[in-house]
Amino acid sequence: MRVLGIETSCDETAVAVVEGAAGTGPVGRILSNTVYSQLTEHRRFGGVVPEIAARAHLERIDGLVAQALDEAGLGLSELDAIAATGGPGLIGGVMVGVMTAKALAFAHDKPFIAVNHLEGHALSVRLTEPVEFPYLLLLVSGGHCQLLTVRGPGDFTRLGTTIDDAAGECFDKTAKLLGLGFPGGPAVERAAEGGDPKRFALPRPMWRKPGCDFSFSGLKTAVRQTVEKLPADDPRAVADLCASFQRTVGDVFADRCANALVQAPSSTLVVAGGVAANVYLRGRLEEVAAAHGATLVAPPVRLCTDNGAMIAWAGVERLRLGRVDALDFRPRPRWPLDPAAANRM
Ligand code: KG4
Ligand code: ZN
């Protein structure tokens with residue numbers, strides 16, 4: 001089965017073609033995976049501007065669809081379905097992707113599949129790794145920080161979530177305060193290299209509390225206060241603060257995942273979403289998984305941040321179960337993976 005996937009929910013315009021075998025098992029083949037990153041459009045604003053993002057998606061999407069098909073060596077008639085992120089995300093961008101996918105599906109008489117962006121991250125590991133359902137998932141991106149049990153497409157139980165900010169947002173804010181640039185995650189990771197992770201004691205919100213919820217606003221405030229007092233004549237200060245910050249996030253992730261592994265035991269812990277690209281944090285999660293008799297499995301770093309392949313793969317997983325969408329699907333700015341848990345918040 002071959003599915004074209006479109007991702008436009010934030011600041012990457014991405015289109016990919018992925019192939020999956022019949023059945024419901026893991027591991028597919030990426031036939032093409034194109035991305036246009038709108039970094040230059042947003043950099044001078046220090047963050048993503050929704051209107052600029054929507055316009056840039058519109059300008060690039062047709063060219064990227066053509067390029068993805070070209071690199072896959074396929075025509076539209078050779079595809080089995082067209083998938084697009086249907087939410088959650090910046091609604092102007094999601095509309096561009098959904099409209100494009102619907103038009104292609106209608107014109108070529110192919111099924112249309114609306115993919116939840118978070119499900120794209122949640123299932124992405126199965127595109128490259130032989131991971132069977134169910135598994136425990138730490139989903140950490142720019143807008144989300146959740147622990148979930150993943151049983152299959154559309155079948156999630158949320159064990160915990162952040163009560164304020166997302167982990168990625170905290171990385172981005174830290175980078176901004178230190179003038180390291182945007183996006184912040186990779187910049188903080190680079191700056192932390194060789195830094196002393198024990199130099200600054202930062203608060204670890206929720207640490208050693210029961211349950212699996214997260215909180216990052218107090219850590220953000222503490223970073224701001226530390227930056228304000230940072231000695232200007234100390235060339236190591238930035239590296240030490242970034243390393244200390246990363247260790248603090250690692251402590252929180254490890255503590256929350258330990259509780260999740262006790263509450264909902266699983267032989268596999270998966271980490272996904274942009275923050276999962278962080279090599280130090282992956283190491284910390286490997287340790288906590290091993291301590292609970294589990295194995296950490298993560299997608300390759302390039303498939304952690306937003307991409308079209310994860311949307312195409314979620315499309316394959318859904319198509320194999322016959323779960324396709326009607327052309328009157330409406331893009332959703334909010335779309336929780338576990339609606340019952342979201343209503344409890
Ligand atoms: O999944 P993603 O690409 O987009 C969303 O769905 O939000 O995640 C983006 C987030 C950003 O906050 C970015 O700073 C963070 O992931 N990120 C990282 C790293 N690479 C990206 N955070 C920590 N370390 C990284 N290497
Ligand atoms: Zn994402």
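Buried here means under 20% relative accessible area, exposed over 50%, and partly exposed in between (1.4 Å probe, protein chains only). This is a predicted model, where local features need pLDDT of at least 70, side-chain atom pairs count only at pLDDT 80 or more, and totals for chains, interfaces and linings use all residues. Residues are numbered from 1 along each chain as its sequence is written, and side-chain values use heavy atoms, with hydrogens and water left out.

**View 1. Phe-112, Phe-329 and Trp-335 are linked into a cluster by ring pairs.** Rings of Phe, Tyr and Trp (its six-membered ring) pair if their centres lie within 6.5 Å; planes under 30 degrees apart count as stacked, over 60 as edge-to-face and the rest as tilted. Of the 7 aromatic pairs in the structure, one is Phe-112 with Phe-329, tilted at 55° with 6.3 Å centre to centre. That pair links distant parts of the chain, 217 residues apart. Phe-329 and Trp-335 are both buried, and their rings sit 5.8 Å apart at the centres, with planes at 40°, so this pair is tilted too. Phe-112 is buried as well, at 1% relative accessible area.

**View 2. Arginines sit over aromatic faces: Arg-332 over Trp-335 and Arg-60 over Tyr-36.** The rule: NZ of Lys or CZ of Arg within 6 Å of the ring centre and within 35 degrees of the ring normal. For Arg-332 the distance to the ring centre is 4.3 Å; for Arg-60, 3.8 Å.

**View 3. Ser-141 is tucked away as a buried residue, at 9% relative accessible area.** Beyond its neighbours within four places in sequence, Ser-141 has contacts (heavy atoms within 4.5 Å) that include Ala-166, Glu-169 and Val-275.

Technical notes. Chains are lettered from A and ligands numbered from 1 in the order in which they are written. Helices (H or I, at least four residues) and strands (E, at least two) are DSSP runs, numbered from the N terminus.
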